[in-house]
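I will jot down what I look up as I go, term by term.

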Amino acid sequence: MKQPELKANERELIRLIRFFSKRAELLMEEGTLSPEHEQLITACQNLENQLLSHASNRSAILDKRERLEQIIVDNAQCPKCGKAEMLKKNGTTTNEYGWRSNTYRCRRCNLIFTWNRPNNPWDMVKFLEVYIQELEQGQETQQNEELLAHTADAIVQLNDSLSRLRPVLETSDEEVVALDEKEREMDKMIHQFKAYLMIEKIKMDTFQEE
């Protein structure tokens with residue numbers, strides 16, 4: 001099974017745990033280490049498992065988040081030539097509503113422009129909410145029955161898309177908030193346990209010298 005990606009402080013603590021555990025086990029086999037250190041060895045093994053489990057969970061949440069960020073695909077076209085094949089992404093920009101959108105350069109026209117849609121699902125939800133509101137307002141003055149029916153169908157479809165997208169994004173946001181809190185807890189525990197193991201290592205060195 002592939003080991004999850006670890007942060008620097010996690011890798012450092014796991015190296016220390018494995019070094020300490022092997023050394024402690026060797027000394028116990030030689031009969032030169034008190035059996036009370038068996039509890040410490042068990043604690044080290046449990047913490048290593050906890051670190052690996054947390055890292056796996058973090059990777060899963062961040063991978064899911066990255067996939068969500070990429071579900072919005074621009075079908076951008078140059079506003080001058082109307083072509084898409086010569087476009088190259090040129091960066092991102094934020095509009096007056098706070099929505100992030102991609103900017104492109106058309107190599108055919110040497111024109112830089114911002115696509116008129118958000119580049120992420122969170123901003124797309126806000127965009128669609130405004131767009132639906134505009135469609136509903138337009139219905140009030142629209143006299144053409146065919147266009148009214150078409151607009152009504154579009155509103156239903158857009159609301160359906162929003163109803164399916166919102167809970168997915170909300171769940172992801174909740175997972176990220178919980179992950180951030182868990183990261184702070186783990187960082188604190190890693191710092192404390194590393195300091196504790198360093199003290200125990202000094203004790204062990206002293207015990208050996210005696």
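Entry 1: I started at Tyr196, which is partly exposed at 36% relative accessibility. My scale for this calls a residue buried under 20% relative accessible area, exposed over 50% and partly exposed in between, with a 1.4 Å probe and protein chains only. Before going on, a note on the source: this is a predicted model, so local features need pLDDT of at least 70 and side-chain atom pairs count only at pLDDT 80 or more, while totals for chains, interfaces and linings use all residues. Residues are numbered from 1 along each chain as its sequence is written, and side-chain values use heavy atoms, with hydrogens and water left out.

Where do Phe193 and Tyr196 both lie? I found them in helix H4, 3 residues apart, about one turn of the helix. Helices here are DSSP runs of H or I with at least four residues, strands are runs of E with at least two, and both are numbered from the N terminus. Phe193 is buried, with a relative accessible area of 16%.

**Entry 2: ring pairs.** I looked up the aromatic pairs next, and the structure holds 5. One of them is Phe127 with Tyr131, stacked at 6.2 Å centre to centre and 15 degrees between the planes. The rule is that rings of Phe, Tyr and Trp (its six-membered ring) pair if their centres lie within 6.5 Å; planes under 30 degrees apart are stacked, over 60 edge-to-face, and the rest tilted. Phe127 and Tyr131 sit 4 residues apart in helix H3 (residues 121–139), about one turn of the helix. Phe127 is buried at 15% relative accessibility, whereas Tyr131 is partly exposed at 37%. Back to Phe193 and Tyr196: their ring centres are 5.8 Å apart and the planes stand at 55 degrees, so I log this pair as tilted. I also noted a cluster in which ring pairs link Tyr97, Trp99, Phe127 and Tyr131.

**Entry 3: cores.** Which residues touch the most other members of the largest nonpolar core? Of its 20 residues, they are Leu13, Phe20, Cys44, Leu51, Phe193 and Leu197. H1, helix H2 (37–69) and H4 are the elements that give two or more residues to this core. A second, separate core has 14 residues, including Leu128, Ile155, Leu165 and Leu169. By a nonpolar core I mean a set of buried Ala, Val, Leu, Ile, Met, Phe, Trp, Tyr and Cys residues joined through side-chain atoms within 4.5 Å.

I then picked out Phe20 and checked its contacts (heavy atoms within 4.5 Å). Leaving out residues up to four places away in sequence, Phe20 touches Leu40, Cys44, Leu197, Glu200, Lys201 and Met204.

**Entry 4: helix H1.** H1 (residues 8–29) has 22 residues and reaches 32 Å from its first C-alpha to its last, close to the 32 Å expected at 1.5 Å a residue. The expected span is 1.5 Å times one less than the number of residues. Among the buried residues of H1 are Glu10, Leu13, Ile17, Phe20 and Arg23. Just after H1, I found Gly31 with a positive phi of about 75 degrees.

Entry 5: Thr151 is in helix H4 and counts as buried at 17% relative accessibility. Not counting residues up to four places away in sequence, Thr151 touches Leu135 and Gln139. Gln192 is also found in H4, which covers residues 145–209, and is partly exposed at 46% relative accessibility. From Gln192 to Asp123 I logged 69 residues in sequence and 40 Å in space, C-alpha to C-alpha.

**Entry 6: cysteines.** How many disulfides does the structure hold? I counted 0, with a disulfide taken as a pair of cysteine sulfur atoms within 2.5 Å. For Cys78, the closest cysteine sulfur is in Cys106 at 3.7 Å, too far for a bond. For Cys109, the closest is in Cys81, also at 3.7 Å and too far for a bond. Cys78 is buried at 2% relative accessibility.

Entry 7: Strand S2 (residues 100–106) and strand S3 (residues 111–114) pair in the antiparallel sense over 4 bridges; pairing requires at least two bridges between the strands in DSSP. The bridge partner of Thr103 is Thr114 in S3. S2 and S3 form a hairpin with 4 residues between them.
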